[in-house]
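Here is a short briefing on one protein model. Look through the sequence and the structure first, then read on.

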Amino acid sequence: EKYDKEPPRRKELIVNCEKPFNAETRPDLLPRSFYVPNDLFFVRNHAPVPVLRSEEEFRLRVEGIVAYPLLLSLQDLKTKFRKHTVTAVLQCAGNRRTEMSRIKPIQGVPWLHGAAGNAVWSGALLKDVLMAAGVYPNKAEHVEFEGADLPPEEENRSGYLASIPLKKALDEDQEVLLAYEMNGEILSRDHGYPLRVIVPGFVGARSVKWLSRIICKMDSSEGFFMTKDYKYLPSSMDFGNVDWSSTPPIMNLSVQCAICDPLPDTKLSQGPYKVRGYALTGKGDHIMRVELSVNGSKDWQEAKLIKGEKIANREIPKRITAGLKDWSWVLWELVVDIKPPMVIMARAIDSACNTQPEVPLWNLRGVMNNSWHKVNILPLT
Ligand code: MTE
Ligand code: MO
C-alpha cells in the first residue's frame, strides 16, 4: 500500500480527501490564535508523504545555471547559513473553491475557507544558498524546486515541481526561505519534513515541501502544477476547449478576507455577536481595512484589526512601520447586530487600495476565489 506510512493526524481537521491527504482547519478555529497550531494547519498533499529513513541521509542538491553546484546536508543548512525567521500566511489557490462551485460545478478538492493559515517559519534564506552556489543572475531567470513526493500527475515520474522568478528569490526583502522550522518546532511530515520552501506572498503551490533539489534555469518549470493546474483561466474555458498555454501560472496572492466565526448556516438568536475572521493582502503592503455589512451591502462597518501576538517570547517585528511588506495575515473582529435570517458580508481593502470582487469569477480549476465572503445566518427555531 502506497499510503501505509502516512503520519498521524488530528481528528479535528476537516478531511476533504483521504488519499492523497487533503484537510483544512475548521474555519471557526482559525481566529483563535494568530498562528495556526502545526497539527491543525491545513494540509494539501498530491501524493503519499515521503519517508525519510534518517535525517543524516538527507541531501539538498543545488544545480543548474550555477558556478558551484552544492550538495547540502540539513546540518549544513543550519550551520553554514544564518537563520532567518518570517511570519507568513500560506494559502492554497483553491481556498474557497466550494463557494465558486455553486456558480457551476468544479472538479477539485472542495475547500471551504480553511485552506489558509498563518505561521512563523525559520530557515536559511534561499538567496544566501543561491549566492553560495554562485548563481548566474544574467543567465538564469527562474528557480525550480523539486519535492521528494511523487504525484501521479508528473508524467516523467519526477517529484512535485514548481518554480519562481529568480528575481524574487534573490531579493532579500522578499524573504524566500528554505524552512526547517514551523512555529518554533521541527517541520512535521505533512508540512514538508525535513525541508520546505516558503515563498511569502505567493500561492501555496509554489512553497514546495520535502524539498530535494533546486535548479536554476532559463525557463519556468514545466511541471504539471505550473502548466496544467493553478491557472486562472478565462471563464469561457471548460475541459472541452481548455488552452493551458493561454494563461500564465498563478504566483501572487490576491487580497482575501473570510468570516470564520460564525460558520455558514449557524443558527443564532437575535442580539449582539462578535464576528471574527482573517484577511490577507495581495500586491499591497498590508491590510488597510476590513468592512462588514449586515444589511445586504447597503452599509459597511469597519472591523477592528488584530495585527500580531507574542509567541514564545518573540515580538513580531514592526515590519509595517519599517516600510516592509506584511506577509502575515491579520485577524479582525466586530460586534454586529444579529437579526436572523440574514447574511453577514465581509471584504478587505489593502494598502494599495486593492479590494475584492462582489461575486466569484468562475474558472475551470476553481482558483483564486476572493469574492466578498457571505455567511448565511439562520434563526434559532
Ligand atoms: N510540495 C510538494 N512537494 N508536494 C505537494 O503536493 N502541495 C503544494 C505546496 N507544496 C505540495 C507542495 C500546495 S498546492 C500547497 S497549497 C501547499 O504546499 C500546502 O502546504 P501545507 O500542506 O503545509 O499546508
Ligand atoms: Mo494549493
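How do the residues of the shell around ligand 1 divide into nonpolar, polar and charged? They divide into nine nonpolar, six polar and three charged. Here Ala, Val, Leu, Ile, Met, Phe, Trp, Tyr, Cys and Pro count as nonpolar, Asp, Glu, Lys and Arg as charged, and the others, Gly among them, as polar.

This is a predicted model: local features need pLDDT of at least 70, side-chain atom pairs count only at pLDDT 80 or more, and totals for chains, interfaces and linings use all residues. Residues are numbered from 1 along each chain as its sequence is written, while chains are lettered from A and ligands numbered from 1 in the order in which they are written.

**Ligand shell**
- Among the 18 residues around ligand 1, His 46, Cys 92, Gly 147, Tyr 160 and Gly 204 come nearest (a residue is near if its C-beta atom, placed from the backbone, lies within 6 Å of the molecule).

**Overall build**
- The protein has five helices and 22 strands (DSSP runs: H or I of at least four residues for helices, E of at least two for strands, numbered from the N terminus).
- Its C-alpha atoms fill a box of roughly 65 × 55 × 40 Å, taken along the principal axes.

**Nonpolar core**
- The largest nonpolar core has 100 residues (buried Ala, Val, Leu, Ile, Met, Phe, Trp, Tyr and Cys joined through C-beta atoms within 7 Å; buried means 20 or more other C-beta atoms within 10 Å of a residue's own, placed from the backbone).
- Strand 7 (residues 116–125) gives the most to this core, with six residues.
- Domain 1 (14–246) and domain 2 (256–379) both contribute residues, so this core lies between them (the bounds come from an automatic or database domain assignment).

Key
Buried ≥ 20, exposed ≤ 12 C-beta atoms within 10 Å, placed from the backbone.
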